[in-house]
Amino acid sequence: WREELAPGAVVLRGFALPHVDALLAALGDVTAVAPFRQMITPGGYRMSVTMSGCGRYGWVSDHSGYRYDPLDPTSSQPWPAMPESFHLLARDAAAEAGFPGYEPDACLINRYVPGARLSLHQDKDERDQVAPIVSVSLGLPAMFLFGGLHRNDPTVRIPLAHGDVVVWGGPSRLRYHGVLPLKEGCHPLLGAERINLTFRKVR
Ligand code: MD3
Ligand code: FE
């Protein structure tokens, strides 16, 4: 259940399964305060993935660029606090992958419906580029694309299912990655959607 994809990148298959009920309850609390919304890229495109967030910082994109912001632009209020169930899972998964003492200060929440995708990109807006990123997949399965340090490097496809957790650290942290368009389907708990929690240490 533990696969090393590349140096520093570890898939923990099903690691979140014992915690799904608590995670979904907490997710409902967060999105009641910070509803999912479509962000606009600096190039003016509307993203197909809808997003929410919690913790000290939230990832925001608009015509002026990408940034981490302590306020939710939709409400002009701070993002909801990170639920304890989120924080504990991220910390335990990071420790399991060899990164003890992980204290994320942001959790970006991505919601995919069939057809939604995330094009190939790097995550480099975080000032702390040493701390790993922890991602938790819930609901419909997705095909993840994992590339190299340059946009045109070859990619490998990694299927991610409900309950899978991936820890991306060390030399994998700045690799290009994306998600292929979500296929139609109906998950018994989440219906026709995929939720991905990505934990980060921003500052
Ligand atoms: C590999 N989200 O929000 S999480 C993102 O499934 C993002 O919603 C995807 O990429 C999703 O930025 C994938 C997995 C992930 C996150 C960060 C990484 C993989 C990564 C950073 C470096 C390498
Ligand atoms: Fe990313």
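Two residues are in contact if their C-beta atoms, placed from the backbone, lie within 7 Å. Helices (H or I, at least four residues) and strands (E, at least two) are DSSP runs, numbered from the N terminus.

This is a predicted model, in which local features need pLDDT of at least 70 and side-chain atom pairs count only at pLDDT 80 or more, while totals for chains, interfaces and linings use all residues. Residues are numbered from 1 along each chain as its sequence is written, and chains are lettered from A and ligands numbered from 1 in the order in which they are written.

The predictor's confidence in each residue, pLDDT, runs from 0 to 100. Its mean for the protein is 96, and 100% of the residues reach 70 or more. The model has an ipTM of 0.94 and a pTM of 0.97.

**The sheet**

An open sheet is formed by 8 strands in the order β1-β2-β14-β11-β16-β9-β4-β3, with antiparallel pairing. Two strands pair if DSSP finds at least two bridges between them. At the edges are β1 (2–6) and β3 (37–40), each of which pairs on one side only. On average, neighbouring strands of this sheet are turned by 30° against each other, direction ignored. Axes are lines fitted to C-alpha atoms, for helices over the stretch in contact, and angles run from 0 to 180 degrees between N-to-C directions.

Two helices pack on the sheet, as the table shows.

| Helix | Strands touched | Angle of directions |
|---|---|---|
| α1 (residues 20–33) | β4, β9 (106–112), β11 (133–139), β16 (194–200) | about 100° with β4 |
| α2 (residues 84–96) | β2 (9–12), β9, β11, β14 (165–168), β16 | about 120° with β11 |

**The two helices together**

The helices α1 and α2 also pack on each other, at an angle of about 130° and with their axes 8 Å apart. They are therefore oblique to each other; angles under 35 degrees count as roughly parallel, over 145 as roughly antiparallel, 65 to 115 as roughly perpendicular and the rest as oblique. In this contact, Ala22, Leu23 and Ala26 of α1 meet Ser85, Phe86 and Leu89 of α2. The residues of the contact divide into 5 nonpolar, 1 polar and no charged. Here Ala, Val, Leu, Ile, Met, Phe, Trp, Tyr, Cys and Pro count as nonpolar, Asp, Glu, Lys and Arg as charged, and the others, Gly among them, as polar.

**Two strand pairs**

Strand β3 pairs with β4 (residues 46–55) in the antiparallel sense over 3 bridges, and isoleucine 40 stands opposite arginine 46 in β4. Strands β5 (residues 58–62) and β6 (residues 65–69) run antiparallel and are joined by 5 bridges. A hairpin of 2 residues connects β5 to β6, and aspartate 62 stands opposite glycine 65 in β6.
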